[in-house]
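Me: Please show me the sequence and the structure. I will then ask about particular residues and the ligand.

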Amino acid sequence: MTHNILLIEDELSMRLGVSHSLIASNYDVTSCEDGNEGLAMLSRQNFDLIITDLRLPGLNGMEILSKAREICPETGVIIITGYPEINTAVSAIKKGAFDYLSKPFSNEALLIVVDRYFRYRELQLENDQLRETVRGKSESEHFIGDSSAMKAVFDRLATIAPTDVPVRIQGESGTGKELVASALHNLSQRKDKVYLKINCAAIPENLLESELFGHEKGAFTGAVQAKKGKFEVADGGTIFFDEIGELPLSLQAKLLRVLEEHEITRLGSHKSIKVDVRTIFATAKDLKKAIEERTFREDLFYRINVVPIRLPPLRERGEDISTLAEHFLKIYSAKYGKEGVDISPDAYKSLLAYDYPGNVRELKNAIERAILLSTGSHIHVTHLPSECRKIAEDLPCITEDMPLSEGVMCYERQRILKAIEETKGRKIEAAAKLGISRKVLWKKLKDLDIEC
Ligand SMILES: Nc1ncnc2c1ncn2[C@@H]1O[C@H](COP(=O)(O)OP(=O)(O)OP(=O)(O)O)[C@@H](O)[C@H]1O
Ligand SMILES: [Mg+2]
């Protein structure tokens with residue numbers, strides 16, 4: 001990539017000499033001889049670096065520096081100075097200039113300072129990107145599934161991950177949309193670049209536009225500094241738009257433009273900036289319906305629907321339940337120092353019979369909770385959440401290999417639930433039916449985690 005440099009220098013021979021050396025080293029150079037003209041150029045175009053003389057007609061170098069800090073804080077400034085102004089140059093560095101060159105200087109000295117600046121910028125950028133990527137990676141986990149439906153998803157993932165096509169992931173809550181999105185990034189050539197996630201439903205509409213596209217200083221009240229948007233930060237990487245169905249209509253049009261033209265415009269600016277970002281979208285909402293209801297643009301839908309991936313709900317892929325349960329069992333038993341704990345046959349039966357409206361997330365949470373509650377070497381029905389247990393209540397839950405205390409709990413639970421059902425939730429009558437006091441019943445309801 002060629003870096004572009006703005007050179008502001010009123011002395012003709014110096015201007016020609018510096019720009020000639022920079023062009024010979026493959027930099028793009030725009031030059032002018034007046035401070036005001038330089039400032040006008042800065043507001044029209046993005047530069048990677050400004051090299052400015054201190055003494056200039058119009059605005060002087062120090063004024064250019066402070067304006068540049070406001071308009072484009074990411075652009076570096078190198079000051080050219082004569083010997084008498086060396087103290088001013090030092091204070092320029094204190095105010096954020098990268099370095100200064102004192103006249104006369106050789107071509108070599110010029111190129112060393114400019115190269116050093118671009119190396120420093122590159123490192124800074126790599127650092128920013130690394131931080132974002134590490135954050136994204138720590139969230140990615142193993143992706144499990146034995147069912148034919150999930151195998152088809154894995155195949156599709158492997159085929160499309162290395163391409164740059166937009167992907168739309170459709171699935172109920174907890175089916176693993178986020179895992180698919182991070183797998184797409186990690187399996188692509190962009191894997192060492194930034195991976196950013198934006199939850200379109202979580203950011204207020206008035207902030208979303210500047211989050212995505214960035215803003216210039218003063219673009220709106222509170223915009224005290226210019227700021228890069230997510231598209232600029234993720235340049236070269238991937239952005240995952242979660243809950244795309246919630247993106248306000250006004251921004252849908254702007255997003256469509258980015259997808260088609262690969263360029264963005266910061267809020268409060270007229271300059272276009274090229275961006276190279278792979279986009280992934282997820283939704284639990286039926287977008288076709290949203291189009292009918294006119295809350296989602298049809299043209300955007302077709303643009304993001306190049307490759308759809310549907311994640312089936314867990315109840316449609318029962319074969320995955322036991323594989324996933326074993327996987328989470330391994331993770332959480334290690335996490336809580338309970339290695340070797342297994343799932344009893346009855347608990348398995350309830351896990352397999354349940355329909356998981358919260359999908360894989362619900363199963364994962366159920367196993368974590370069961371591990372925490374288990375006291376022996378097995379997870380029993382009593383350790384499962386009440387929704388799962390409701391199914392188990394119809395199943396004989398007491399088994400020979402169960403510790404006595406577990407068996408007693410199981411029996412008590414069945415009797416109490418029955419009494420409560422027969423008395424239509426009237427606890428005093430239920431307690432009488434069971435031959436225990438009201439206080440004892442309350443305690444047992446609490447201990448057995450029965451909600452009624
Ligand atoms: N196939 C899978 N293998 C392993 N873990 C999974 C799988 N699918 C989902 N999970 C786990 O289940 C949880 C929910 O997954 P994820 O956050 O990706 O769901 P989602 O579809 O994005 O849900 P939501 O719509 O609520 O945001 C995560 O902790 C994820 O690690
Ligand atoms: Mg999600």
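This is a predicted model: local features need pLDDT of at least 70, side-chain atom pairs count only at pLDDT 80 or more; totals for chains, interfaces and linings use all residues.

Me: Is H262 buried, partly exposed or exposed?
Reply: Buried means under 20% relative accessible area, exposed over 50%, and partly exposed in between (1.4 Å probe, protein chains only). The relative accessible area of H262 is 41%, so H262 is partly exposed.

Me: Where is H262, and what is its phi?
Reply: Helices (H or I, at least four residues) and strands (E, at least two) are DSSP runs numbered from the N terminus. H262 sits in the loop between α10 and β9 (263–265). H262 is not a glycine, yet its phi is positive, at about 55°.

Me: Is R294 buried or exposed?
Reply: R294 is in the loop between α11 (287–292) and α12 (298–304). Its phi is positive, near 60°, in a residue other than glycine. With a relative accessible area of 70%, R294 is exposed.

Me: Which residues are the closest to ligand 1?
Reply: A residue is near a molecule if one of its heavy atoms lies within 4 Å of it. Ligand 1 is surrounded by 17 residues, and the closest are I144, S173, G174, K177 and K364.

Me: How far is the polar side-chain atom of K177 from an oxygen atom of ligand 1?
Reply: A polar contact here is a pair of N or O atoms within 3.5 Å. A polar backbone atom of T175 is 3.3 Å from an oxygen atom of ligand 1. For a polar side-chain atom of S173, the distance to a ligand oxygen is 2.6 Å. For K177, the side-chain distance is 2.6 Å.

Me: How much of ligand 1 does the protein bury?
Reply: Accessible areas come from the Shrake-Rupley method with a 1.4 Å probe. Ligand 1 taken alone exposes 630 Å², of which the protein buries 88%.

Me: Which domains does ligand 1 lie between?
Reply: The elements giving two or more residues to the shell are α7 (177–186), α13 (319–335) and α15 (359–373). Domain bounds come from an automatic or database domain assignment. Ligand 1 lies between two domains because both give residues to its shell: domain 2 (139–312) and domain 3 (317–447).

Me: How many residues apart are E172 and R315?
Reply: A salt bridge is a side-chain nitrogen of Lys or Arg within 4 Å of a carboxyl oxygen of Asp or Glu. E172 and R315 form one, with the closest N and O atoms 2.5 Å apart. E172 is in the loop between β6 (167–171) and α7, and R315 in the loop between β12 (307–311) and α13. The two are 143 residues apart.

Me: How many salt bridges does the whole structure hold?
Reply: One of them joins K254 and E209 at 2.6 Å, N to O. K254 lies in helix α10 (residues 249–261) and E209 in helix α8 (residues 205–213), so the pair ties together parts 45 residues apart in sequence. A search of the whole structure gives 26 salt bridges.

Notes: Residues are numbered from 1 along each chain as its sequence is written. Chains are lettered from A and ligands numbered from 1 in the order in which they are written. Side-chain values use heavy atoms; hydrogens and water are left out. A polar contact is a pair of N or O atoms within 3.5 Å; within protein, one must be able to donate a hydrogen and the other to accept it, and residues adjacent in sequence count only if both atoms are side-chain atoms.
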